[in-house]
Amino acid sequence: MLVLQAIIDGVLVGGFYALMACGLTLVFGVMDIVNFAQGILVVLGAYLSYALYAHLNIDPFLGLLITIPVMFVVGIALYWSMIKPIKRERVIMSLLTMFAVGTVMEGILDYIFTSNLVAIHTSYVNSSVKLGSLIFPSIYLYAFAMSVLLLGGVYYLLYRTRFGRSLRASMQNPTAARLVGINTDWVSAFSLGIGVGLAAAGGMVFGLTNSFDAASSYDLISRLLAIVIFGGFGSLSGALIASIVMLVIQDVVAVVWSPTWGQTTFYLILVLVLLLRPQGLLGRKAVRAQ
Amino acid sequence: MTAIDVTPVGAAAPEHIPYEPPTAVRRGGTALVLVLLAAFPLVFTNPAVTSIAVFTMIFLVAACGWNIFSGYTGYISIGHAAYYGIGQYTVALLVMHLKVPAGWDTFTLLPVAGLVAAVLAVPIGFLLLRVRKHTFIILTVAVMFILQLLAFNLTSWTSGSGGLELPFPTWTGSFFNEPFYYVGLAAAVVACAVSWWVRRSKYGLGLLSIRDDEDRARGLGIHTTRTKLIAYLMSAFFVGIAGGLYASFVGSVYPQFGFDPNFDLAVAVLVFVGGIGTLSGPVIGTLLLIPLQQYFYLQFGNDNLFLIAYGVLFILILRLLPGGIAPSITQLYRRVLVARQLRATAPPGPPGTAGSPGAAGISRASGITPATVTGAEGKEDTP
């Protein structure tokens, strides 16, 4: 029963990790860049929700109507100011640039909010739904529903709209996409905007379920990167599967063995998987650049 | 500035224009830097200053070591804190269990720390080097975090977040920092010498060819995995030594400061600023930035403002000097020579025509766009 409970917890929490990881993998797929600042952007989203709740008493879920657009704009601004000017060795330079951007943001957040841990305390944080002997914390249920909604939205955007088609075209072959008249710059900017917007939603849930400070971003980004590598870079469904697998493994190990080994076990499984499939579960095989 | 400098390898040299300053300048510059570094603690005896100098030496060893792998092969590792931490824990555990007295005896453990790091780098490197580019970069971070988690969790060895304490040597006053400084300097000289040897050797050519085109290098008969792995071991060795020196200097070891993500960033920044893949790059970057960073830290450390200052500095450097300081100097030097040669030999023609072959040659080897050499506006690379 404990194990079943752990699996349910893992699936529910995995849903919102998938949200954050999808932002990362989407950006990678379109631009070939690793958004190393995603961890601190999630924390920024959490702080925005926290500030709205603490000062204006806006419910975090309602606050998403403000934070997601704000973070979307942040993402677009990051693209034009940081990624676009990079002329050569985009992969590595963008990774280092985003690392540096993350450092600056960490310093700023630390300065504004100090390094004391904060958490968002809404009325439903501690309530839960009981089903037999199984417990469903209501916050995770809401978060899961929201994740499904948002991921469904992203899916619709990618596979049912004109914009989605140009985005997927840019993922497959940026040069050819440009040749057929797709403005790959704006597609890239929008995909970074979407990725950062998803970080806002994920950050809101993160803030509701954890105490956090700016330094939480290191733990977050390492988990998110692990998820994205596990699922395969650029694969949305891979990220979804990987986040649920990761959280389930972690929770089950925590129950049957010890909480301290949960994450280590996941990392070890990740390494084993990569031994067999270096490109991750559903990743594209690396092709030689011409 | 130092003159031990980059020798781009692999490009056909355009006639008469050397790639580097004359031998006398290079040797003289190296000797001058060495003399200055050796004399530094004799001139500045203030412990606050010399302790910054010790940190500079620790990072110099690490940066030179890191550059041997990441600089020459183009595989950027931002997980070398793994070996920094391993070096720290090796020294701390050996001191604890073998009851090594503090002082000079501790320094004999430094090569051991390096060796342990290198030995552990064999399986890790073998695993990591199966993947390329971004996956490699991120896996290095993942491995670093695995080791950090292990350091937190294997409490019977590492005592977890409680950390380990090392006894302090009985040296006092202004003399306290000096042994650490000179040991660090010696290690840094060895690291630079190895880096120099690698750069000049046939083996180093193999590394550079992997950086430029790994598949083609393999096609030409280079055993790429073995070549990369050896470089990885060498870099782990020196970063391990740097870690051991840090542990014995600071006197304590904690998981989050041993396996420290900030260390990864710092080393990458140092080498990128100085010029990645060059011999003098890590030296220039470290001697310039670590004192600056320590100064920021002492000034603004309380409220983490130094993170902002450091991050902004890094972004500016990436933007303004994408090739790093050392290649920029070399470029400038070559530009002067090309201009002089043009004036001396060629009849007046359209400027740039005679300069371009040289420019193209240098760009092939050191990764600098021809555009910056000829002074034209930067062109966008095809993705």
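# Reading a two-chain model

Author: B:Lys99 is exposed, with 8 other C-beta atoms within 10 Å, where a residue is called buried if 20 or more other C-beta atoms lie within 10 Å of its own, exposed if 12 or fewer, and partly exposed in between, the C-beta atoms being placed from the backbone. This is a predicted model, in which local features need pLDDT of at least 70 and side-chain atom pairs count only at pLDDT 80 or more, while totals for chains, interfaces and linings use all residues. Residues are numbered from 1 along each chain as its sequence is written, and chains are lettered from A and ligands numbered from 1 in the order in which they are written.

Reader: Where is the place of B:Lys99 in chain B, and what is its phi?

Author: Most residues other than glycine have a negative phi. B:Lys99 is not a glycine, yet its phi is positive, at about 55 degrees. The residue sits in the loop between helix H3 (81–98) and helix H4 (104–107) of chain B, and helices (H or I, at least four residues) and strands (E, at least two) are here DSSP runs, numbered from the N terminus.

Reader: How many residues has helix H4 of chain A, and what does it reach from its first C-alpha to its last?

Author: Helix H4 (residues 90–113) of chain A has 24 residues and reaches 33 Å between those two atoms, close to the 34 Å expected. H4(A) is also mostly covered, with 17 of its 24 residues buried, and the residue that follows H4(A) is A:Thr114, whose phi is positive, near 60 degrees.

Reader: How many helices and strands are there in chain A, and what pattern does chain A follow along the sequence?

Author: Chain A contains 11 helices and two strands, in the order α-α-α-α-β-β-α-α-α-α-α-α-α along the sequence. Its radius of gyration, taken over C-alpha atoms, is 19 Å, close to the 19 Å that the globule rule gives for 290 residues, so chain A is as compact as a globular protein of that length; the rule is 2.2 Å times the number of residues to the power 0.38. Along the principal axes, the C-alpha atoms of chain A fill a box of roughly 60 × 50 × 35 Å, and 53% of the 290 residues count as buried.

Reader: What are the helices, strands and buried residues of chain B?

Author: Chain B has 18 helices and two strands, and buried residues make up 50% of its 383 residues.

Reader: At what angle do helix H1 and helix H8 of chain B pack?

Author: Two packed helices are described by the angle between their axes and the distance between the axes. Helix H1 (residues 23–43) and helix H8 (residues 177–200) of chain B pack at about 175 degrees with their axes 10 Å apart, where axes are lines fitted to C-alpha atoms, for helices over the stretch in contact, and angles run from 0 to 180 degrees between N-to-C directions. That makes H1(B) roughly antiparallel to H8(B), a term for angles over 145 degrees. B:Leu37, B:Ala38 and B:Pro41 of H1(B) make the contact with B:Asn177, B:Glu178, B:Tyr181 and B:Leu185 of H8(B), and two residues are in contact if their C-beta atoms, placed from the backbone, lie within 7 Å. These residues divide into five nonpolar, one polar and one charged, with Ala, Val, Leu, Ile, Met, Phe, Trp, Tyr, Cys and Pro taken as nonpolar, Asp, Glu, Lys and Arg as charged, and the others, Gly among them, as polar.

Reader: How many residues of chain B are in contact with chain A?

Author: On chain B, 42 residues are in contact with 42 residues of chain A. Helix H6 (133–153), helix H13 (261–274) and helix H15 (305–320) of chain B each supply at least two residues of the side that touches chain A, and H6(B) gives the largest share, 13 residues. The residues of that side of chain B divide into 26 nonpolar, eight polar and eight charged.

Definitions and conventions
Angles under 35 degrees count as roughly parallel, over 145 as roughly antiparallel, 65 to 115 as roughly perpendicular and the rest as oblique. The expected span of a helix is 1.5 Å times one less than its number of residues.
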